[in-house]
Structure formats: structure tokens, C-alpha cells
Amino acid sequence: MKELSQLFSKLITVVVNEQIKEEHSIINSEVIDNESKNNTILSKLNSLWKNLIPDIIFEMDTTNRTLIPMKNNQQYSLNAMSDGEKAILYYICQILLAEENSFIVVDEPETFLNASNFNRLWDTLESYRRDCRFIYISHVIDFIVTRSNADLLWCKSYTYPDKWDIKNLEYEDELSRMFPKELLSEILGARKPILFCEGKKDKLDYIIYNSVFRDEVIVCPVDGHNQVIQYTRAYNKSPILSNNSAFGIIDADLMSEEQISSYEEEGIFTLPFNEIEMILFTEEVMCSVLEGVYMPEEVKDKIQVFKDNFFNLVEIENEAIVQQKLKKHMDNELSNYRINNLQTGNEMVSEVKEWLDNLNLPMIEEAFSNILQQINWNSDYRELLKVSPQKNSISKGLANKFLDSKYEEKAKNKIKLDKTLSNLIKENYFSHITFK
């Protein structure tokens, strides 16, 4: 920091010296015009600065050879500027003073800057110095994906002292087809296995899996379960990404055991619940959230009342749950069905009808309805969590009414912050998952 501070001071001094030199040149010139005055280094600095922070302008202190920031016609010192403002001034000075046709190497161009500022800053500076080539070294995805008209290079490996394996991803058509740029930037160079999951980074899936598996994998949320399956397969089949491996985890979504086993062979694991929200209503999580607020007997009573109402809701919505199960089953069957042979139109229709008849949907409907009834009769709460698709009714309704207000938020925070709880969840519900 001391060296950086000294360099910053020297840059400011050089800018001021350059300004004084240019002003003397203008004064001694036979022709004094506005264009010359507006083309000095201080004018350029203020012009670039105005694009980023318009309420500050810089004046010159010729005695102390420094710049004076002015805001609302009031002077203050450079030291009183924020770290972000100092970083912007530092970068502008460096770019103004760079020689023509330079290669400008910028390590961590986002340091001290928020996302809106670092994008505008480097867009502005790149536009100003079109003669130069900018080389950025960054791990920040939000910055990387904003660079347009740029080559994206990946340092796949490095061996001391001078052996580099660098891939230009613009020429790796296979990777560009398989992964969007944002995701590719995130997974390249990972030294832990990748775990693709459903949802986004602010959603429950990511919060749970990142808490439970953070020491073993890098968790990448990719929206829906189809994307999880697609990216896991693509990653593991790519010869370019052969130095690592990927896994996936998806909601059970009332899938059959046969389906679940088939996916597991590809490293795509299934949540031991129908939906991720149900993990918030396990005994372990409910007790952990409520114990800090209520007495032990109150906790026990609240959980029992919640369970009773949960079972009651399943009984009331039995028919709707069964229909949802049938729909999931049919969606899966239809997505995998292919007509066997080239035939006439009528023959194909006949084949499809025969296939539909052989699915025996009434039998599946009756079997699942019996499973739900058996769960209710036996008061088998753990099995209930496995099959219930009622996340909204439970998370937004029963939980707030019978457990605690804003229960879902409290449970998410508890899992995120309590390492003991996340380890317990892993041990009790994810022991079937190994990243090998």
C-alpha cells in the first residue's frame, strides 16, 4: 500500500507538471485558441472524470504540484476522497500518460469499484485510448462478461517457470456452444469439482447446497433441472475440461426410482425430497430455528401442531397431488418416447395409442393414491417430505402460522450460518452423494 501510495503521488505530480508545461507552451504560442486550452492533460482528465463522477472537478495547485478536488465550489484534499474515487483517478492518470500503441495490463480492474463504476470506467478508457490494447486479469464474472470485442483467454495450467497452457475460448466452438459466456467464465479454472444445481444465486437451492457442500465443490446454479442435466453431461464429455469433473443435483419432482438411478449413473443426484423447500421442515431444521426462541416444550408442541396440519393438508389435497404425480410421469414418458419405425401416418397414430394404453395410468394413479394414504395412516413424516409437492402452501402458509413468523427466511439464515446444522443435514439427507 505504501508503494502504491507513492506511485499515486508521483502520477499526480507528473500530471500537474505536464499541465504546467502545456500551459507554458500555449502562452508562448503565436496562436492561442480554445481548442488548445481544451486539449491539455488536465482538461482531458476532467472530461474523462465527468463521464463517471460529474459532481467533482479537479483544479491545480502549482505550488505543491498536486490536484485539488472541487465539489459544490468547495475545496478538499485528495486524501479525503473515497477509495473508489482514488482508484478511478489513479487509472485515468495511468491511461492518460501511457505511450502510444501500448499494451496496458490491468490486474484486478474491479478493485475498490462497484459494478456500475468499473464497467463505465473501463468502457470510457478503452474508448479514449483506441490505440492501446487492454489486457485484463480478473476472476470477477460480472466484469469479464461485460467486455465486448475481446478475446477471452483461459490459463488452463501453468508449470514453473515458463510452461503455460492458454486456450483462446473464442476458437473453442465446442465450449461456446455448450455453455453461455457467464457460466463458462465461472467454471473455467475451478480446482474443485463443479456442482450444477437448479435456481439462481439468491434462491434456496444455492443457499442450501453451498452451505452443505462448500468444502467439496463449487456450486453453480443454472435455472432449471434440464439445464443441470445438460451442463453436467456436456462438462464431463468435453476433452477440453478433462482436468476436472462435474456433478448435478435436481429436485425429485415425483420421479420414478428407475429415473433416479439412471441419472445417478451420470453423476446427477436427486434430492431426497420432492422439492428443496421441504428441507426447511425437517426435524433438525425446525428444532434448530425454534430452540433459540421458545422453551423446549413449546418447540415440541409447535412442531407437532405443524405436522398435524401438514398431514391434514395432504389429505385435503390428495387428488390434486395424485394428478400432479401423473402429469410428471407423463411428461417424462413423453420426453423419452420415440416412434420405432418409419410408417404411414395412420400406423404411427396406432402405435402411439397402443403405447399410451400400455402405460396403464389408472394403475399408477391408484398406486400413488395408496402411498399417500399409507403415509397419512402411519403418520410417516419423513416419507411425507419426500412426496409432497406443496412448497407454497407449506412455506408461505402453515410454517408462518404454526411455527414462527417469516419462518422460511429464518431457516435459510440458520442453515447458512450454522455449520453444525449444515453438517447434520449433510449427514442425514445427502450421505448418498459423493463427488468422485
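## Exercises: salt bridges and backbone

Glu126 is partly exposed, at 25% relative accessible area. The model is predicted.

**Exercise 1.** Which residue does Glu126 meet in a salt bridge, and which parts of the chain does the pair link?

*Solution.* 
1. Look for the partner. The Glu126 side chain meets that of Arg147, with N to O at 2.8 Å.
2. Glu126 sits in helix H5, and Arg147 sits in the loop between H6 and S6.

**Exercise 2.** Which residues form a network of salt bridges with Arg147, and is Arg147 buried or exposed?

*Solution.* 
1. Start at Asp123. Its side chain forms a salt bridge with Arg147, at 3.0 Å from N to O.
2. Asp123, Glu126 and Arg147 are linked in a salt-bridge network.
3. Check accessibility. Arg147 has a relative accessible area of 9%. The cut-off for buried is under 20%, so Arg147 is buried.
4. Check Asp123. At 40% relative accessibility, Asp123 is partly exposed.

**Exercise 3.** How many salt bridges does the structure hold? Where do Lys71 and Asp55 lie?

*Solution.* 
1. Take the total. The structure holds 15 salt bridges.
2. Pick one pair. Lys71 bridges to Asp55, with the closest N and O atoms 3.4 Å apart.
3. Lys71 is in strand S2 (residues 66-71). Asp55 is in the loop between helix H3 (41-50) and strand S1 (57-61). The pair is 16 residues apart and links distant parts of the chain.
4. Check accessibility. Lys71 stands at 33% and Asp55 at 38%.

**Exercise 4.** What is the phi of Asn73, and what is the phi of Lys406? Is the peptide bond from Tyr160 to Pro161 cis or trans?

*Solution.* 
1. Recall the background. Most residues other than glycine have a negative phi, and most peptide bonds are trans.
2. Take Asn73. Its phi is positive, near 65°. Asn73 is in the loop between S2 and strand S3 (74-75). It is exposed, at 71% relative accessibility.
3. Take Lys406. Its phi is positive, about 50°. Lys406 is in the loop between helix H18 (391-403) and helix H19 (407-417). It is exposed at 64%.
4. Turn to the peptide bond. From Tyr160 to Pro161 the bond is cis, with omega near 5°. Pro161 is in the loop between S6 and strand S7 (163-168).

Definitions and conventions:
Residues are numbered from 1 along each chain as its sequence is written. This is a predicted model: local features need pLDDT of at least 70, side-chain atom pairs count only at pLDDT 80 or more; totals for chains, interfaces and linings use all residues. Side-chain values use heavy atoms; hydrogens and water are left out. A salt bridge is a side-chain nitrogen of Lys or Arg within 4 Å of a carboxyl oxygen of Asp or Glu. Helices (H or I, at least four residues) and strands (E, at least two) are DSSP runs, numbered from the N terminus. Buried means under 20% relative accessible area, exposed over 50%, partly exposed in between (1.4 Å probe, protein chains only).
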